[in-house]
Amino acid sequence: MKKLLILLALFLFTLAGCGQENEKSENETKQKTEKEEVTLKVASLIPPMTDIVEIAKTKLAEEGINIELVVLGDNVQPNSALAAGEVDANFFQHVPYMEEFNRNNDADLVPIVPVYFANYGVYSKEFNAIDELPEGAVIAIANDVSNIDRSLSLLAQHGVITLEEKTGPYYTQANIIDNPKGYKFEEVDLLMLARMYDDADAVVMTPAYAAPLGLTPKSDALLTEGVENDFAITLVAREDNADSEAIQKLAEVMTSPDVRKFLEENYDETAIPAFE
């Protein structure tokens, strides 16, 4: 009888130990899951930028990374929000634009990965070729220094104007040394470019602003930029989180075959993948 009681006690002790071990294992698994779950706030503006973030959101949810897309209304807020720590990354700009923000705001934003080239072009409602623009025609360009540089470089690339050798980070209108037809360059806010299509003789803009007007680089642009440049739309973060696992996984998904396929099927020549 005594032997039976000892065996019963041992059995109950072992059972209790197993129960504690299972509970410990479940708690560790729960804690690990909670620890691994991450939420990234990503600021963006318009398609296809927002579309690409949405693709990443779906893919990363499977890995415990929750993407919160924050759609903002102008091209200043995404960098201000990122610098202030209100969002974890943004996706709307090229590197020269980011660098200018850093210089002006003593910020530490850094590029993570280039995603696509927005094929910059010159559009005109009235004229079908750049040579048709009359003497003194008004050409609207974006008014931030990086896009002034980009617009003037595009026109110089095609011989419309001649620029002196670059000595600073950006070209400005002061660097034009030959303007044979006396074109006037009207600098306007980036988000106003599409509206200038009705008022100016020509407008230099990206496909994102040309598309709502029913315009594409291949069919409608008088001149286009191509991909030999530093102006790819790029995922941007801060120095303090650039190397985090979540940001790096976001970069990986945003340059995946799924994103390439999406761009090729939906945006063709207007958003050219900038990754292998």
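The largest pocket of this predicted model has a volume of about 220 Å³. Its lining comprises 14 residues. Asp149, Ser153, Asn229, Asp230 and Phe231 lie nearest the centre of the pocket. Helix 5, spanning residues 145-157, supplies the largest share of the lining, with 5 residues. By class, the lining has 6 charged, 5 nonpolar and 3 polar residues.

Helix packing was examined next. Two packed helices are described by the angle between their axes and the distance between the axes. Helix 2 (residues 49-61) packs with helix 9 (residues 257-266) at an angle of about 145°. The axes of helix 2 and helix 9 are 11 Å apart, and the crossing of the two helices is right-handed. From helix 2, the contact involves Asp51, Ile52, Ile55 and Lys59. These residues meet Asp258, Val259, Phe262 and Leu263 in helix 9. The contact of helix 2 with helix 9 has 5 nonpolar and 3 charged residues, and no polar ones.

Pro48 lies in the loop between strand 1 (38-44) and helix 2. The peptide bond from Pro47 to Pro48 is cis. Omega for this bond is near 0°. Another loop, between helix 4 (95-105) and strand 4 (109-118), contains Asp106. Asp106 is not a glycine, yet has a positive phi of about 50°. With a relative accessible area of 74%, Asp106 is exposed.

Conventions
Residues numbered from 1 in each chain as written. Predicted model: local features only at pLDDT ≥ 70, side-chain atom pairs only at ≥ 80, totals over all residues. Heavy atoms only, no water. Axes fitted to C-alpha atoms, helices over the stretch in contact; angles between N-to-C directions. Helix = DSSP H or I, 4+ residues; strand = E, 2+ residues; numbered from the N terminus. Left-handed = near helix turned anticlockwise from the far one by under 90°. Contact = heavy atoms within 4.5 Å. Nonpolar A, V, L, I, M, F, W, Y, C, P; charged D, E, K, R; others polar. 1 Å grid on protein atoms, 1.4 Å probe; cavity = no way out; pocket = protein on both sides within 12 Å on 5 of 7 lines; lining within 4 Å. Points joined across faces, edges and corners; volume = space filled by probe spheres on them. Buried < 20%, exposed > 50% of the residue type's maximum accessible area, 1.4 Å probe, protein only.
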